[in-house]
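Could you walk me through this structure, one selection at a time? I have it open in a viewer and I am new to it.

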Amino acid sequence: MSVTHHQNLYLATTSSTMSNSFNLDLFRRTYQGPTIRVKLVAAENAAAYLPAIPFTSSQEVWDYFSALEDEPREVVIATYLDNKHHVLSIEEVSRGTLTASLFEPRAILQGALLTNAAALIVLHNHPAGDPRPSAEDISVTKSLKQIADLLPIRFLDHIIIGKKSYVSLKDSGHL
């Protein structure tokens with residue numbers, strides 16, 4: 001089909017119908033580019049491991065995820081929440097080394113969009129036990145916040161879990 005034929009088909013369709021609705025049938029017949037479909041697949045028994053009550057504080061998040069203190073490598077977790085902060089999904093975003101875990105903020109935000117989350121909490125552990133944030137932890141948090149602010153997703157907190165303690169970047173003023 002030539003460009004001229006596309007233009008003529010478009011002109012004929014818009015001049016005869018002139019409606020504001022999308023014509024899916026016309027799109028399917030004329031569009032020649034790639035088509036991508038994305039589908040969220042949820043595990044059948046996922047609700048069994050999700051907390052039954054909403055997260056209302058960093059202490060509650062730490063209580064739920066405190067087992068991360070025993071992980072020998074850094075693990076980054078994204079927790080996707082509904083508008084009332086009930087957990088929709090928990091995702092292990094990255095599993096790294098003793099001192100670092102690489103991830104892209106887009107992976108976290110993609111998960112938030114796919115789960116239709118209204119809010120998100122990110123957390124990771126420091127296997128050495130000291131939960132104080134590094135300069136890189138603070139930088140990544142600020143970048144993630146800037147990107148989340150462009151979307152209708154509230155970035156509530158970044159929590160770092162150490163041995164028997166944690167640091168909330170929100171509570172400590174970094175978020």
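Predicted model: local features only at pLDDT ≥ 70, side-chain atom pairs only at ≥ 80, totals over all residues.

**Stop 1: strand S4.** Select residues 154-162, which make up strand S4. Eight of these nine residues are buried, so the strand is largely enclosed by the rest of the structure.

**Stop 2: strand S3.** To see how they line up, pick Val 122 and look across to His 158 in S4, which stands opposite.

**Stop 3: helix H5.** Next, show residues 135-149, helix H5. Together with S3 and S4, this helix makes a β-α-β unit, and the unit is right-handed.

**Stop 4: strand S5.** Move on to residues 165-168, strand S5. Here the pairing with S4 is antiparallel, over four bridges. Which residue in S5 is the bridge partner of Ile 161? Click on Tyr 166 to find that partner. S4 and S5 form a hairpin, with two residues between the strands. Stop at Lys 164 in the turn, where phi is positive, at about 60°.

**Stop 5: Ser 58.** Finally, select helix H3, residues 58-65, where you will find Ser 58. Is Ser 58 buried or exposed? Its relative accessible area is 9%, under the 20% cut-off, so Ser 58 is buried. Show its surroundings, leaving out residues up to four places away in sequence: Ser 58 touches Asp 157, Ile 159, Tyr 166, Ser 168 and Asp 171.

Notes
Residues numbered from 1 in each chain as written. Heavy atoms only, no water. Buried < 20%, exposed > 50% of the residue type's maximum accessible area, 1.4 Å probe, protein only. Pairing = 2+ DSSP bridges. Right-handed = clockwise from strand over helix to strand, strands pointing away. Contact = heavy atoms within 4.5 Å.
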